[in-house]
Amino acid sequence: MRFWISSSARLTLSGAAPEALSVTYAFRGTERTVTIPAGATGVDLPFTAPDDALDGDDTTLPLQLVAVSHGVKRAGDAVVTVTDDDAA
């Protein structure tokens with residue numbers, strides 16, 4: 001049986017957004033777009049990651065920033081670590 005967990009990663013800007021910004025990101029091959037409202041300093045990037053009932057190692061998965069609107073430069077990509085919570 002396969003399980004899925006839903007969570008989010010926080011994207012933080014170096015200052016308040018002067019206008020609404022669209023952020024496109026990819027996680028596990030799926031692209032999504034979220035909006036950072038004008039005046040906000042960040043947004044949560046929701047994602048769903050695999051989980052199971054088997055004991056194993058933590059899993060690290062890439063989270064890629066694909067694009068940010070209005071010429072905002074992206075600082076780089078991130079990783080999401082799914083911590084194994086199953087008993088040995």
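Figure 1. In strand S3, Val34 is the bridge partner of Val23. Strands here are DSSP runs of E of at least two residues, helices are runs of H or I of at least four residues, and both are numbered from the N terminus. The model is predicted: local features need pLDDT of at least 70, side-chain atom pairs count only at pLDDT 80 or more, and totals for chains, interfaces and linings use all residues. Residues are numbered from 1 along each chain as its sequence is written, and side-chain values use heavy atoms, with hydrogens and water left out. S2 and S3 run antiparallel and are joined by 7 bridges; two strands pair if DSSP finds at least two bridges between them. The two strands form a hairpin with 2 residues between them. Arg28 is found in the loop between S2 and S3. Its phi is near 55°, a positive value in a residue other than glycine. Arg28 is partly exposed, with a relative accessible area of 42%. Buried means under 20% relative accessible area, exposed means over 50%, and partly exposed lies in between (1.4 Å probe, protein chains only).

**Figure 2. The whole chain, for orientation.** The protein chain has 0 helices and 6 strands, and its pattern along the sequence is β-β-β-β-β-β. Of its 88 residues, 31% are buried. Among contacts in the chain with a separation of 6 or more, 57% are between residues 24 or more positions apart. A contact means heavy atoms within 4.5 Å.

**Figure 3. The largest nonpolar core.** This core has 20 residues, and those with the most contacts inside it are Leu11, Val23, Phe27, Ile36, Leu45 and Leu63. At least two core residues come from each of strand S2 (21-27), strand S3 (30-36), strand S4 (42-51), strand S5 (59-68) and strand S6 (78-82). A nonpolar core is a set of buried Ala, Val, Leu, Ile, Met, Phe, Trp, Tyr and Cys residues joined through side-chain atoms within 4.5 Å. Leaving aside neighbours within four places in sequence, Leu45 is in contact with Ser7, Ser8, Ala9, Leu11, Tyr25, Val34, Leu63 and Leu65.

**Figure 4. The aromatic pair Phe27 and Phe47.** The structure holds 1 aromatic pair. Phe27 and Phe47 form this pair, which is tilted, with 4.7 Å from centre to centre and 45° between the planes. Phe27 lies in strand S2 and Phe47 in strand S4, so the pair ties together parts that are 20 residues apart in sequence. Both Phe27 and Phe47 are buried. Rings of Phe, Tyr and Trp (its six-membered ring) pair if their centres lie within 6.5 Å; planes under 30 degrees apart count as stacked, over 60 as edge-to-face and the rest as tilted.

**Figure 5. The salt bridge between Arg10 and Asp44.** A search of the whole structure finds 1 salt bridge (a side-chain nitrogen of Lys or Arg within 4 Å of a carboxyl oxygen of Asp or Glu). Arg10 forms a salt bridge with Asp44, and the closest N and O atoms are 3.3 Å apart. Arg10 lies in strand S1 (residues 3-12) and Asp44 in strand S4, so the pair ties together parts that are 34 residues apart in sequence. Arg10 is exposed, with a relative accessible area of 52%, while Asp44 is partly exposed at 37%.

**Figure 6. Thr24 and its surroundings.** Thr24 lies in strand S2 and counts as buried at 16% relative accessibility. The side chains of Thr24 and Thr33 are joined by a polar contact of 3.1 Å. A polar contact is a pair of N or O atoms within 3.5 Å; within protein, one must be able to donate a hydrogen and the other to accept it, and residues adjacent in sequence count only if both atoms are side-chain atoms. Apart from neighbours within four places in sequence, Thr24 is in contact with Glu31, Arg32, Thr33, Gln64, Leu65, Val66 and Ala67.

**Figure 7. Ser69 in the loop between S5 and S6.** Ser69 is found in the loop between S5 and S6. The side chain of Ser69 reaches the backbone nitrogen of Ser22 at 2.8 Å. Leaving aside neighbours within four places in sequence, Ser69 is in contact with Ala20, Leu21 and Ser22.

**Figure 8. Ala49 and Thr59.** Ala49 lies in strand S4 and counts as buried at 0% relative accessibility. Ala49 and Thr59 are 10 residues apart in sequence and 9.7 Å apart in space, C-alpha to C-alpha.
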